[in-house]
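Trainee: Could we go through a model together, so that I learn how to read a sheet and its strands with care?

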Amino acid sequence: MQPLMTPRLALEPETIGRYEAWREMNRNRSDADHRELSEDDAWLRLLARQGQWSAFGYGFFFVLDRTDGTMIGEVGLQRRRRGLGPDFDPYPEAAWVVEADRRGQGIAREAMAAVQAWLASTRPELDRLVALIAAGNG
């Protein structure tokens, strides 16, 4: 699949090919509820995200700055079994994170709009998305 392009961003499906840059980005996150993953846990998480693409035909994208290719976040869709019931669990769950110093610039909104447009054009049967939004991020 070709990357999705927006005016400022390139969205590339997550694969282990960018593991080191992805791990470094996640290591530097400053979210209050973020915990650094061990090398093995990080490797398994990225493999699982790559597996979402194989299993469901959608998944997470690396968010890259188009000017220099720097990884500045990740956005996308996942299938989880959170036990939240039939109004949540059967649907693709949208999720996103942007590096702290790039927040407040509309990057997550721009990236998720591109993901939603791509999903509508490639998988129109998936007409409902869900998301968990942390208190204070609404």
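**Reading the sheet**

Mentor: Let us begin with strand S5, which is mostly covered, five of its six residues being buried. Please keep in mind throughout that this is a predicted model.

Trainee: Where does S5 stand in the sheet, at an edge or between two strands?

Mentor: The general idea is that strands of a sheet pair through backbone hydrogen bonds, either parallel or antiparallel. In this structure five strands form an open sheet in the order S1-S2-S3-S4-S5, with antiparallel pairing. Strand S1 (4-5) and strand S5 (93-98) stand at the edges, and each has a single partner strand, so one side of each is left without a neighbour in the sheet.

Trainee: How many bridges hold the pairing of S4 and S5, and which residues are partners?

Mentor: Strand S4, residues 71-78, pairs with S5 in the antiparallel sense over six bridges. Going through some of the partners, Glu74 has Val97 of S5 as its bridge partner, Val75 has Trp96, and Leu77 stands opposite Ala94. As for cover, S4 is mostly covered too, with eight of its eight residues buried.

Trainee: Is Leu64 buried or exposed, and how should I read its value?

Mentor: The general idea is that a residue is called buried when its relative accessible area is under 20%. Leu64, whose place is in strand S3 (residues 60-65), has a relative accessible area of 5% and is therefore buried.

Trainee: Which residues does Leu64 touch, leaving aside those up to four places away in sequence?

Mentor: With those left aside, Leu64 touches Arg8, Leu9, Ala10, Glu12 and Arg18, and also Gly69, Thr70 and Met71. Sequence separation and spatial distance should be read side by side: Leu64 and Leu11 are 53 residues apart in sequence, yet their C-alpha atoms are 6.2 Å apart in space.

Trainee: What share of the contacts in the protein chain joins residues 24 or more positions apart?

Mentor: Among contacts with a separation of 6 or more, residues 24 or more positions apart account for 60% in the protein chain.

Trainee: What pattern of helices and strands does the protein chain follow along the sequence?

Mentor: The secondary structure comes to three helices and five strands, and along the sequence the protein chain reads β-β-α-α-β-β-β-α.

Trainee: Which radius of gyration does the protein chain have, and what should I set it against?

Mentor: The general idea is to compare the value with that of a compact globule, which for 138 residues would be near 14 Å; the protein chain has 15 Å, which agrees. The C-alpha trace spans about 35 × 35 × 30 Å along its principal axes, and buried residues make up 38% of the 138 residues.

Trainee: What can be said of the surface and the charges?

Mentor: The accessible surface of the protein chain comes to about 8,100 Å², of which 50% belongs to carbon and sulfur atoms. As for charges, the mean positions of the 18 positive and 21 negative ones are 3 Å apart.

Note on methods: Residues numbered from 1 in each chain as written. Predicted model: local features only at pLDDT ≥ 70, side-chain atom pairs only at ≥ 80, totals over all residues. Heavy atoms only, no water. Helix = DSSP H or I, 4+ residues; strand = E, 2+ residues; numbered from the N terminus. Rg over C-alpha atoms; globule rule 2.2 N^0.38 Å. Buried < 20%, exposed > 50% of the residue type's maximum accessible area, 1.4 Å probe, protein only. Contact = heavy atoms within 4.5 Å. Areas by Shrake-Rupley, 256 points an atom, 1.4 Å probe, with all protein chains shown as cover. Lys, Arg positive; Asp, Glu negative; His and termini not counted. Charge placed at Lys NZ, Arg CZ, Asp CG, Glu CD. Pairing = 2+ DSSP bridges.
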